[in-house]
Amino acid sequence: MATALLFSGQGAQRVGMGRSFYDNSPLARSLYDEADAVLGYSFKQICFDGPEDALTQTRVCQPALYVLGYTAYKLLEAQGRLTDCRAALGLSLGELTALAAAGVFDFATGLRLVAARAELMQQACETTRGGMAALIGGDRALVEAFCREQDVDMANLNSPGQIVISGESEKIDRAVAAAKARGFKMAVPLKVAGAYHSRLMAGASAAYADVLRDAVFQTPRWTVFTNVTGRPVAEPAEIKDALVRQIVSPVLWDDCQRAAAALGIMEFYECGPGAVLAGFAKRIDRALVVKPACDWADIQA
């Protein structure tokens, strides 16, 4: 059966992630030790031991999820689980992990690109006052109209009935207060450092274009979907453009997941903490099968 890889985005992190890989696999140890060397600090210690507030910082969290996701992919590959892998897709930050797994760049190059992205987004968070909230119960058209009314941006189309908005903190607070009267079941403020995938990230997006300009990208060996359009992206220049735009654009995760299923792929491995993407998949199409690949026990199952 054709399979694909799913890679988590920021928000899925948890203290202790990756420890079981590191403790049981020489391959995992080599990747985490290399990550320490590339990043220049005891990266794995924060992943394994926290504290949580350190791990949740954007500049740490994004590399942490990249390394965990890539390690899970390499362990699945070593187990012979990916002989019929057809695609890779990632949520926000996870799109870079998907590109690395698909051979667009190597592990260390990808980690440096992730670290640069994370630093730029952290700086944008620190120089703006942004927030995000999840709207439950509305469709895309309703959310688009609501965002125009409230002067905020649509950030994540995760699954039917769950769409995240992003923008200035005061405007998000007003939107949360107004949501029920506009036809939503509820609006839930999110514990985030800033307004990701909104106009408040414009500075980070522009600076990231400079970071990517001289990076060498290859054509992916598998189909990779971009969050910006929900469609496959293959040409190196097109991939770079999508990564720049993604920082300020809505994450069309629902579209990406459906596009993979349209290729006949119904079985996926979730390479990331927890089961966030599995939950989205169940709401998108209950026929989709998402297997966890977060801990050593998952790889051995």
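A salt bridge is a side-chain nitrogen of Lys or Arg within 4 Å of a carboxyl oxygen of Asp or Glu. The model discussed here is predicted.

Q: Why is the contact between Arg14 and Asp295 called a salt bridge?
A: The closest N and O atoms are 3.3 Å apart. The limit is 4 Å. The Arg14–Asp295 pair therefore qualifies.

Q: What makes Arg14 and Asp295 a link between parts apart in sequence?
A: Arg14 lies in the loop between strand 1 and helix 1, and Asp295 lies in the loop between strand 9 and helix 14. These parts are 281 residues apart in sequence, so the pair ties them together.

Q: Is Arg14 buried, partly exposed or exposed, and why?
A: Its relative accessible area is 36%. Buried means under 20% and exposed means over 50%, so Arg14 is partly exposed. Asp295, at 27%, also counts as partly exposed.

Q: How do you know that Arg59 and Glu126 form a salt bridge?
A: Their closest N and O atoms are 3.9 Å apart. That value is within 4 Å, so the pair counts. Arg59 sits in helix 5 and Glu126 in helix 7, so parts 67 residues apart in sequence are tied together.

Q: Why is Glu126 called exposed?
A: Glu126 has a relative accessible area of 52%. Arg59, with 27%, is partly exposed.

Q: What makes Asp153 buried?
A: Its relative accessibility is 18%. The cut-off for buried is under 20%, so Asp153 falls on the buried side. The side chain of Asp153 meets that of Arg199 in a salt bridge of 2.8 Å, N to O. Asp153 is in strand 4, while Arg199 is in the loop between strand 6 and helix 10. Salt bridges that share partners join both to Asp151, Glu168 and Lys171 in one network.

Q: How do you know that strand 8 and strand 9 pair?
A: Pairing needs at least two bridges. Four bridges join strand 8 to strand 9, so they pair. The two strands run parallel.

Q: Why are strand 7 and strand 9 at the edges of the sheet?
A: The open sheet has the order 7-2-1-8-9. Strand 7 and strand 9 each have a single partner strand, so one side of each is left without a neighbour in the sheet.

Q: How do you know that the radius of gyration agrees with a compact globule?
A: With 301 residues, a compact globule would have a value near 19 Å. The chain has 18 Å, which agrees.

Notes. Residues numbered from 1 in each chain as written. Predicted model: local features only at pLDDT ≥ 70, side-chain atom pairs only at ≥ 80, totals over all residues. Heavy atoms only, no water. Rg over C-alpha atoms; globule rule 2.2 N^0.38 Å. Buried < 20%, exposed > 50% of the residue type's maximum accessible area, 1.4 Å probe, protein only.
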